[in-house]
Amino acid sequence: MTANWAAFAAAEPDFAKRVEERFGAFTHHTLATLRKDGSPRTSGLEVRFLNGELWLGMMPDSLKALDLLRDGRFALQANPGEGQSMGGGDVRISGRAIEVVDAGTKAGYGEEVEPPEPFHLFRTELTEVVRTCVEDDKYLVVQVWKPGEPVRSIKRT
């Protein structure tokens, strides 16, 4: 089961807001894709939350774009920032990236983001959102959301 960003935000608005704020704290994040041979590839990436979608834009024929065109599975990790603070926690999103070929949708994205032309554009279907943080300086808290399920919180000392 998958869900777009709007479905996640409707199901878990507070959690979605925290995740979006965490990604908004920095411009560049880390995207993991699968190479032809199935091994992982990590790449830097900017992401956008617009019109109820989480968008991934990339240069034409970049290796990460070619990876996603071949196998849309991805994992995205928010930039942890400087030092050890992890302000807002460690946030990761997994799912499938679907290439957008509709000219009107790409033009609308281009008006908002002004990417270099040409570009690949992918919308995302989420399979999991995870946030890991430290609470009260003594608890490790892991929050996990999957489509169709409420957020599950695991707290460890």
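The model is predicted, so local features are given where pLDDT is at least 70 and side-chain atom pairs at pLDDT 80 or more, while totals for chains, interfaces and linings use all residues. Residues are numbered from 1 along each chain as its sequence is written, and side-chain values use heavy atoms, with hydrogens and water left out.

**Nonpolar cores**

- The largest nonpolar core has 26 residues, and Trp-5, Phe-23, Leu-56, Leu-76 and Ile-93 touch the most other members. A nonpolar core here is a set of buried Ala, Val, Leu, Ile, Met, Phe, Trp, Tyr and Cys residues joined through side-chain atoms within 4.5 Å. Buried means under 20% relative accessible area, exposed over 50%, and partly exposed in between (1.4 Å probe, protein chains only).
- Two or more residues of this core come from each of helix 1 (5-11), helix 2 (13-24), strand 3, strand 4, helix 3, strand 5, strand 6 and strand 7. Helices (H or I, at least four residues) and strands (E, at least two) are DSSP runs, numbered from the N terminus.
- Helix 2 gives the largest share of the core, with four residues.
- A second, separate core has seven residues, among them Trp-55, Val-113, Phe-119 and Leu-121.
- As background, nonpolar side chains tend to be buried together in soluble globular proteins.
- Contact means heavy atoms within 4.5 Å.

- Helix 3 (residues 63-70) has Lys-64, Ala-65, Asp-67 and Leu-68 buried. These residues sit on the same side of helix 3 because they cover an arc of only 160° around the axis. The arc is that of the directions from the helix axis to the C-beta atoms.
- The packing partners of those buried residues are strand 1 (29-34), strand 2, strand 4 (53-58), strand 5 (73-77), strand 6 (90-99) and strand 7 (120-135).
- In helix 4 (residues 103-113), the buried residues are Tyr-109, Gly-110 and Val-113. They fall within an arc of 100° seen down the axis of helix 4, so they line one face of the helix.
- Strand 3 (47-50), strand 4 and strand 7 are among the elements that cover the buried residues of helix 4.

**Backbone spots to look at**

- For reference, most residues other than glycine have a negative phi, and most peptide bonds are trans.
- Glu-114, which follows helix 4, has a positive phi near 55°.
- The peptide bond from Glu-117 to Pro-118 is cis, with omega near -15°, and Pro-118 is found in the loop between helix 4 and strand 7.
- Asp-61 is not a glycine, yet its phi is positive, about 60°. Asp-61 is found in the loop between strand 4 and helix 3 and counts as exposed at 55% relative accessibility.
- Asp-136 also is not a glycine and has a positive phi of about 55°. Asp-136 is found in the loop between strand 7 and strand 8 (139-145) and is exposed, with a relative accessible area of 58%.

**Thr-42 in strand 2**

- Thr-42 lies in strand 2 (residues 40-45) and counts as exposed at 60% relative accessibility.
- Beyond neighbours within four places in sequence, Thr-42 is in contact with Thr-30, Leu-31 and Ala-32.
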